[in-house]
Amino acid sequence: MKKIYTGAIGAFAICVAFTAVADTEKVDSTLYWLQIAPGQVVEMPNGTKGRTVIRNHATVVQADGDVSSQWCTGHQGVDGSGQAGGAGYCTSISDNGDMLFISYMLGSEDQPANWTVMGGTGAYEGATGSGTSTITSRRGDGRAWTSQAQGSITTK
């Protein structure tokens, strides 16, 4: 019986060690976007319109002053009723070369986009997290805008 008890304490200590190693970082950033490629315009027979392979770049400035570069590719659509939506993925690259991989789902015009961390490299290997991003201003031609991202990222 003593061996089982010791084994259970050992397993608990390992779980605590793994929990202590994980680090959760609050995301509070401003993103300055520029559309690099507007994508291919498509129109379906039912009236749905969209764009495929839209490419955007953002300079990401965290509240603490850290800066990174983010590249995104996505697809966007507007159904016959005018409801917009879309999805895609991004790679955020820090100054030291570590990368964070993110997927996103656009909300309607007045709703924030939702993003989810899919992992990364270097310090972001095995990372998880999620949050929202809201457009705060947009240039008249729609090819440049600013957004605010909120959420958290947990690294191991």
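Q: What makes glycine 97 stand out in the turn of the hairpin that β5 and β6 form?
A: Glycine 97 has a positive phi of about 95 degrees there. The turn belongs to a hairpin with four residues between β5 and β6. Keep in mind that this is a predicted model.

Q: How do you know that β5 and strand β6 pair?
A: Two strands count as paired if there are at least two bridges between them. β5 and β6 (residues 99–106) have eight bridges, in the antiparallel sense, so they pass that cut-off. As one spot to look at, threonine 91 stands opposite phenylalanine 101 in β6.

Q: What makes β4 and β5 a pair?
A: The cut-off is at least two bridges. β4 and β5 come with eleven bridges, so they qualify as paired, and their sense is antiparallel. Here you can find tryptophan 71 opposite threonine 91 in β5.

Q: Which residue in the hairpin of β4 and β5 takes a positive phi?
A: That's glycine 82, with a phi near 95 degrees. This hairpin has five residues between the strands.

Q: Which parts of the chain does the pair link?
A: Distant ones: cysteine 72 is in strand β4 (residues 67–78) and cysteine 90 is in strand β5 (residues 84–94), 18 residues apart.

Q: Is the link of cysteine 72 and cysteine 90 right-handed or left-handed?
A: Right-handed, with 110 degrees about the S-S bond.

Q: Are cysteine 72 and cysteine 90 buried or exposed?
A: Both are buried. That label calls for under 20% relative accessible area. Across the protein, buried residues make up 29% of the 156 residues.

Q: How much of the contacts with a separation of 6 or more comes from residues 24 or more positions apart?
A: They account for 41% of those contacts in the protein.

Q: What does the accessible surface of the protein come to?
A: About 9,800 Å², and 59% of that belongs to carbon and sulfur atoms.

Definitions and conventions
Residues are numbered from 1 along each chain as its sequence is written. This is a predicted model: local features need pLDDT of at least 70, side-chain atom pairs count only at pLDDT 80 or more; totals for chains, interfaces and linings use all residues. Side-chain values use heavy atoms; hydrogens and water are left out. A disulfide is a pair of cysteine sulfur atoms within 2.5 Å. Helices (H or I, at least four residues) and strands (E, at least two) are DSSP runs, numbered from the N terminus. Buried means under 20% relative accessible area, exposed over 50%, partly exposed in between (1.4 Å probe, protein chains only). Contact means heavy atoms within 4.5 Å. Accessible areas come from the Shrake-Rupley method with a 1.4 Å probe; for residues, only the protein chains shown count as cover.
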